[in-house]
Amino acid sequence: MSDYLIVGGGVIGMMMARELAIAGADVTLVDRLGCAEESSWAGGGIVSPLYPWRYKDPVTALATWSQSSYVLLAQELIEETGFDPELRQKGMFMVSVEDADDARAWAAKHHRPLTTVDADFLYQKEPHLKEGFGEALWMPEVGSIRNPRLGRSLRESLMVRDNVTVLEHQPLESLIIEGEQVKGIVTNKGELRADKTILAAGSWSGELLKPLGLNVPVAPVRGQMMLFKAKPGLVNRVVLMDGRYVIPRNDGRVLVGSTLEHTGFVKETSQEARDSLFATAINIVPELADYPIEHHWAGLRPGSPEGIPYIGEVPGYENLYLNAGHFRNGLVLAPASTRLLADQLLGRKPIIDPAPYELDGRVEPL
């Protein structure tokens, strides 16, 4: 029997397992598919909330801690596994921003580097952008990480640890409940027991808690994305415009995203979204029209009220914890949200105040 059983092998679940394993705990991680095959794989990998000033302070607190930790994490993963998660620290431009005054006020309040730059600066850095932008907001410390490669390096980091067991393709069928205590789970291959169980199942987390009579408003929000096989140097930094973005990769590929669609657990792509994403891409970088579309896909983000995740013990049941509801910011918030829950589980001083993320007062009975 493990000390901790984690349900969900995305970036949140794998970082959670790694954090607890480093502390010396025995951890079992189980996923219904393979690790990092859901929203962790489907995201863009910008290490910042889009338009960060539009989020509540609890999201900012998690994001700030996470952004500073990614440099060390990427280095550790390369050393542990030999797989480079491709952390790019090139900054982010935001063009055509209507609430720029709010952005500057937010940056001053939270001591975040954000400045307004003129067209000369913008086009010197990104000469292939569409002509006509007069100015942009510039966040030089924002990076991006290649999320499929982050998932691969995290999985390998777990696989080489003697105190971690990774079980894939084992969907959860039920929780093992004895009185008011959760003792583990039942999967399609049998029982898995642990002292404490952690649900980190992304968009499915709310569904897993319904049999307990709890209404946790974590629901899927479909996001469709597109990848162009472009040349290195066409785009060098994240560029955000009208709620959409382009993200460059080290090999020259350029990712464009994303849609926001409330379609339940439907993950199929659509021609309408494909056309819309293509239009977005060439409206930001016209030359992308000259390069082939390599891939078009969809993922399900775990939506929650105001994007504030649920992190902590599930009320009414001992030994059951939740880490879910990060909406579009799973990769952004993962290091901080997993460290915060690990601090609580291990009796350490929390890195930030855990109160805004607790389930008490935010969860209602069905």
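**Charges, rings and a hairpin**

Modeller: Start at Tyr 310: the charged end of Arg 362 sits over its ring, 4.0 Å from the centre. Keep in mind that this is a predicted model. There is another such contact at Trp 204. Arg 32 lies over the face of that ring, at 4.1 Å from the ring centre.

Rings also meet rings. The count comes to seven aromatic pairs. Among the residues involved, Phe 93, Phe 121 and Trp 138 are linked by ring pairs into a cluster.

Now the part I want you to zoom in on: strand β14, residues 238–241. Which way do its side chains point? Val 238 and Leu 240 go one way, Val 239 and Met 241 go the other. All four residues, Val 238, Val 239, Leu 240 and Met 241, are buried. In a regular strand, side chains alternate between the two faces of the sheet.

Next, the partners of β14. Strand β4 covers residues 92–95 and runs parallel to β14. Four bridges join β4 and β14.

Met 241 has Arg 244 of β15 as its bridge partner.

Finally, follow the chain from β14 into β15. These strands form a hairpin, with two residues between them. Check Asp 242 in that turn: its phi is positive, about 55°.

Notes: Residues numbered from 1 in each chain as written. Predicted model: local features only at pLDDT ≥ 70, side-chain atom pairs only at ≥ 80, totals over all residues. Heavy atoms only, no water. Phe/Tyr/Trp six-rings, centres within 6.5 Å; stacked < 30°, edge-to-face > 60°. Lys NZ or Arg CZ within 6 Å of the ring centre and 35° of its normal. Buried < 20%, exposed > 50% of the residue type's maximum accessible area, 1.4 Å probe, protein only. Pairing = 2+ DSSP bridges.
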